[in-house]
Amino acid sequence: MTVLAIDQGTSGTKAIVVDPEDGVVGLAEVPVQPRYLDGGGVEQDPAELLESVLGAGRAAVEQAGRPIAAVSLANQGETVLAWDPRTGRPLTQAIVWQDRRAEALCGELAGHSDMIAARTGLVLDPYFSAPKMAWLRRNVESAGVVTTSDTWLLHQLTGEFVTDATTASRSAAVELGGREWSPELLALFGLTGEHLPRIAANDEIIGTTSAFGPDVPVGGIVVDQQAALLAEACFEPGMAKCTFGTGAFLLSNTGNTPVRSTTGLTSSVAWRIAGLDSYCIDGQVYTAASAVKWLASLGVISGAAEMDAIAESDNAGVLCVPALAGLAAPWWKSQATATISGMSLSTGRGHIVLAVLQGIAAQVAELVSAIGTDAPALTRLRADGGLTQSTVLMQACADILQVPVDVYPSAHATALGAAALARLSLAPDQSVADVVADWAPSATYEPRWRPARAIEFRSAWRELAETTYHQEIS
């Protein structure tokens, strides 16, 4: 069963055609350009998103030169827009998951934060889709429907009005593991009466499309990070992956029982298959590759490819908290700012590059520690994404986390996870393990630091991190 899997992301759309025997036989990528606005706004042009999906998908199918049996779509998760369900015409820009303009709205609901966490597994924060939907309704557009971007894209492809269980679980408008939208949670966000999409399982055919050739089923729809968790075969509790892209996203499987974090992490549906839910606990680092781009914008490095060659072997006391877009889990301090300390006249750009990379790794380490408080502790970490090409970053992760790091051998983890779910939707009698390819790491990084050095580093780094949001809480 050859399938087309489309990964619609923040900075681009990737499409792959996967053959069970030959692997990836078609690949295309189309960049998209988010716009960063004053006041924490981040938007995308819906037409650009759709054009990227159609363009990448058609190019991948043409390159493959063979018929496809199904199409799957992985989506950004928490990006929302308003649109006309009669015509499909967008009524607003897409409000991206990074957008912070719902901060004040979340502040108004602060007294309900514990209830929201208990019922949804999520933190009350603009990162999630319901606060952004409420902000959009209050400030931009009252007509049409307001949904996550996947629903609009799938409507364009199939005419259906649907989202999936993993995406819905990132909304704060569905009980954790719930099959329907919660009237009480919708009312809390001022979304009572909204026409919202049906919530489908991740192994379900949701419609058909002729956008990429002859009419074929569309199935296995999923949010991007959960797709990568599946592709990396994190099937058992305690198995975890971190995707190093624009941000870094750590997910750990918690099995069939949801875990409510007591340390500021979030819990979601990992996948809904054969009528059963598997769950994950997760945390986010807002700036990973975007911090590297920032270094390049300042002229410290020419680009990511130069980073390892420039980085010093020792930071010489220089520490960095690269909170260039605030701190996400487990702090949830959106007003935090980046800090570099320990510099002197002898500090070179190589020390700063290493400090930024270690700062990314340190944030991941804080997430790993937070997971271990409420869920099975990690003994290894699987890693994917563009920044895994940095041996310095991957070694820093192993050293600071004090666990081995296994690098996924493909640059297409999200799309491969979506492809596996597409195959499962065509043959639901198969198990998840049947549709996920076996893999061996392209590289494994073992900790080189002694535990005492890792503890000392993390203590100093954590102390510096607290200063990045000191003014906010003083």
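**Exercises on a predicted chain**

Buried residues (under 20% relative accessible area, 1.4 Å probe, protein chains only) make up 61% of the chain's 474 residues. This is a predicted model: local features need pLDDT of at least 70, side-chain atom pairs count only at pLDDT 80 or more, and totals for chains, interfaces and linings use all residues. Numbering starts from 1 along each chain as its sequence is written, and side-chain values use heavy atoms, leaving out hydrogens and water.

**Exercise 1.** Compare the chain's radius of gyration with that of a compact globule.

*Solution.* Take the radius over C-alpha atoms. The globule rule is 2.2 Å times the number of residues to the power 0.38. For 474 residues, the rule gives a value near 23 Å. The chain has 21 Å, which agrees. Next, the extents: the C-alpha trace spans about 65 × 50 × 40 Å along its principal axes.

**Exercise 2.** Describe how helix α8 packs against helix α13.

*Solution.* Locate the helices (DSSP runs of H or I, at least four residues, numbered from the N terminus). Helix α8 covers residues 224-231 and helix α13 residues 413-426. The angle is about 80°, and the axes lie 7 Å apart. Therefore α8 is roughly perpendicular to α13 (65 to 115 degrees).

Now list contacts (heavy atoms within 4.5 Å). From α8, the residues include Asp224, Ala227 and Leu230. From α13, they include Thr414, Leu416 and Gly417.

Note on methods: Axes fitted to C-alpha atoms, helices over the stretch in contact; angles between N-to-C directions. Helix = DSSP H or I, 4+ residues; strand = E, 2+ residues; numbered from the N terminus. Parallel < 35°, antiparallel > 145°, perpendicular 65-115°, else oblique. Buried < 20%, exposed > 50% of the residue type's maximum accessible area, 1.4 Å probe, protein only.
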